[in-house]
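Try each task before reading its solution.

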Amino acid sequence: MSDIPACPLCAMENTYPDGDSYVCADCGHEWPIAAAAGEEGLLVKDVNGNPLRSGDTVTVIKDLKVKGSSIPLKQGSVIRNIRLVEGDSEHIEGNSDKIKGLVLKVCFLKKA
């Protein structure tokens, strides 16, 4: 079995190393080898299976009640510049326009 990972976008295994990057022959996606090695321990995916990274922007897919706030987080709310919770692939941290310091489950989010 090969040590080369499958493509993070299309999940096809037809990938190859090219310099300091991996390249997917099926979709043409390129990603750095160092990033692939560092993310193997923690892979956070949104509700559609897209990989999330710190700094990404996500959208809430349903209305959510927020503990400690009387303002609900409405469907379609945008959470910018998210941070991954170290050692936890089910939660992210971020801020909305109205509510700061949110910790959200990734099953209610999709990558924007």
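**Exercise 1: Follow the strand pairing**

In strand E8, Ile92 is the bridge partner of Leu84. Strands here are DSSP runs of at least two residues (E) and helices are runs of at least four (H or I), numbered from the N terminus; two strands pair if DSSP finds at least two bridges between them. A quick note before going on: this is a predicted model, where local features need pLDDT of at least 70, side-chain atom pairs count only at pLDDT 80 or more, and totals for chains, interfaces and linings use all residues. Residues are numbered from 1 along each chain as its sequence is written, and side-chain values use heavy atoms, with hydrogens and water left out.

Task: starting from E6, work out how E6, E7, E8 and E9 are joined.

Solution: 
- Step 1. E6 and E7 run antiparallel, joined by 2 bridges. Thr59 has Val78 in E7 as its bridge partner.
- Step 2. E7 then pairs with E8, again in the antiparallel sense, over 3 bridges. Besides the Leu84 bridge to Ile92, look for Arg80, which stands opposite Asn95 in E8.
- Step 3. E8 carries on to E9 in the antiparallel sense over 4 bridges. Here His91 has Lys105 in E9 as its bridge partner.

**Exercise 2: Find the core**

Task: which residues have the most contacts inside the largest nonpolar core, and which face of E8 is covered?

Solution: 
- Step 1. A nonpolar core is a set of buried Ala, Val, Leu, Ile, Met, Phe, Trp, Tyr and Cys residues joined through side-chain atoms within 4.5 Å. Buried means under 20% relative accessible area, exposed over 50%, partly exposed in between (1.4 Å probe, protein chains only). Contact means heavy atoms within 4.5 Å.
- Step 2. The largest core has 15 residues, and Leu73, Ile79, Ile92, Leu102 and Leu104 have the most contacts inside it. Strands E6 (58–60), E7 (78–84) and E9 (102–105) each supply at least two of its residues.
- Step 3. Zoom in on Leu73. Beyond its neighbours within four places in sequence, its contacts include Val60, Leu64, Val66, Ile79, Leu102 and Leu104.
- Step 4. Turn to E8 (residues 91–95): Ile92 and Gly94 make up the covered face, while His91, Glu93 and Asn95 are on the uncovered one.

**Exercise 3: Step back to the whole chain**

Task: how many helices and strands does the chain have, and what share of its residues is buried?

Solution: 
- Step 1. Count 1 helix and 10 strands, in the order β-β-β-α-β-β-β-β-β-β-β along the sequence.
- Step 2. Of the 112 residues, 28% are buried.
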